[in-house]
Amino acid sequence: MSMWLTLVKIEPAALGEVADTPGLVGGLFADRGRSGSVVSGFRPRVDRYGCDYRVLTMSAEGRLEAEGGMERWTKEYPWLARAVGYGCDIVEGVEFAGEPAYFLPPEQVGPVAEGLRDERWATGAGASRPWNGITGDNTFEDLIVFLTAAATEGKAVISTVT
């Protein structure tokens, strides 16, 4: 079974659209080839990040073991946990494969990106490049770049695992 983590950045006003019409969220996470906008200002190719959630969690667990951490990865790396939905607000009325969709309001996106840097999820200069939405491997650095772009643009972020 696939466990794909998808994050999308949307205009703050679009959070209201999503709250009023939760069915819009499905279109945000639909296939990359989709060209139409499902909420105000959403650009499918640029406003979406995705990675294999299992790889992300295995990487976090492996790092935790190597560093001799005593807690679960979600406790030891709270910014990574927050970036993927732990401790975030839930989008009411929206579930994918039994999991809710989560969101970070615009004022929380920048601190999460900075927290990921502080937790050392990026090791090179790659995390400071601009986000263009075209990546092949969707690494931790890409996650930081995506969240930094969302913060710079003043956008909220919605995430889910499917």
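**Close-up 1. Tyr49, Trp131 and Phe146 make up one aromatic cluster.** The model is predicted: local features need pLDDT of at least 70, side-chain atom pairs count only at pLDDT 80 or more, and totals for chains, interfaces and linings use all residues. Residues are numbered from 1 along each chain as its sequence is written, and side-chain values use heavy atoms, with hydrogens and water left out. Six aromatic pairs turn up in a search of the whole structure. Rings of Phe, Tyr and Trp (its six-membered ring) pair if their centres lie within 6.5 Å; planes under 30 degrees apart are stacked, over 60 edge-to-face, and the rest tilted.

**Close-up 2. Tyr77 and Trp121 form an edge-to-face aromatic pair.** The ring centres are 5.1 Å apart, with 80 degrees between the planes. Tyr77 sits in the loop between helix 4 (73-76) and helix 5, and Trp121 in the loop between helix 6 and helix 7, so the pair ties together parts 44 residues apart in sequence. Helices (H or I, at least four residues) and strands (E, at least two) are DSSP runs, numbered from the N terminus. Tyr77 and Trp121 are both buried. Buried means under 20% relative accessible area, exposed over 50%, and partly exposed in between (1.4 Å probe, protein chains only). Arg63 lies over the face of Trp121, 4.2 Å from the ring centre. A charge counts as over a ring if NZ of Lys or CZ of Arg is within 6 Å of the ring centre and within 35 degrees of the ring normal.

**Close-up 3. Helix 7 is largely enclosed by the rest of the structure, because 10 of its 13 residues are buried.** Among them are Phe140, Leu143, Ile144, Phe146 and Leu147. Glu141 and Asp142 are buried too. The buried residues pack against strand 1, strand 2 (48-52), helix 3 (53-66), helix 5 (78-83), helix 6 (106-118) and strand 5. Contact means heavy atoms within 4.5 Å. Just after helix 7, Gly154 takes a positive phi of about 70 degrees.

**Close-up 4. Glu153 and Lys9 meet in a salt bridge through their side chains (2.9 Å, N to O).** Glu153 lies in the loop between helix 7 (140-152) and strand 5 (156-161) and Lys9 in strand 1 (residues 4-10), so the pair ties together parts 144 residues apart in sequence. A salt bridge is a side-chain nitrogen of Lys or Arg within 4 Å of a carboxyl oxygen of Asp or Glu. Lys9 is buried at 0% relative accessibility. Glu153 is partly exposed, at 36%.

**Close-up 5. Glu11 and Lys155 form a salt bridge (3.8 Å, N to O).** Glu11 lies in the loop between strand 1 and helix 1 (12-20) and Lys155 in the loop between helix 7 and strand 5, so this pair ties together parts 144 residues apart in sequence. Glu11 is partly exposed at 31%; Lys155 is buried at 4%. Lys155 also bridges to Glu153, with the closest N and O atoms 3.4 Å apart. Lys9, Glu11, Arg43, Asp47, Glu153 and Lys155 are linked in a network of salt bridges. The structure holds 11 salt bridges.

**Close-up 6. Strand 4 runs antiparallel to strand 5, joined by three bridges.** Two strands pair if DSSP finds at least two bridges between them. Tyr102 stands opposite Ser159 in strand 5. Five of the six residues of strand 4 (residues 99-104) are buried, so the strand is largely enclosed by the rest of the structure.
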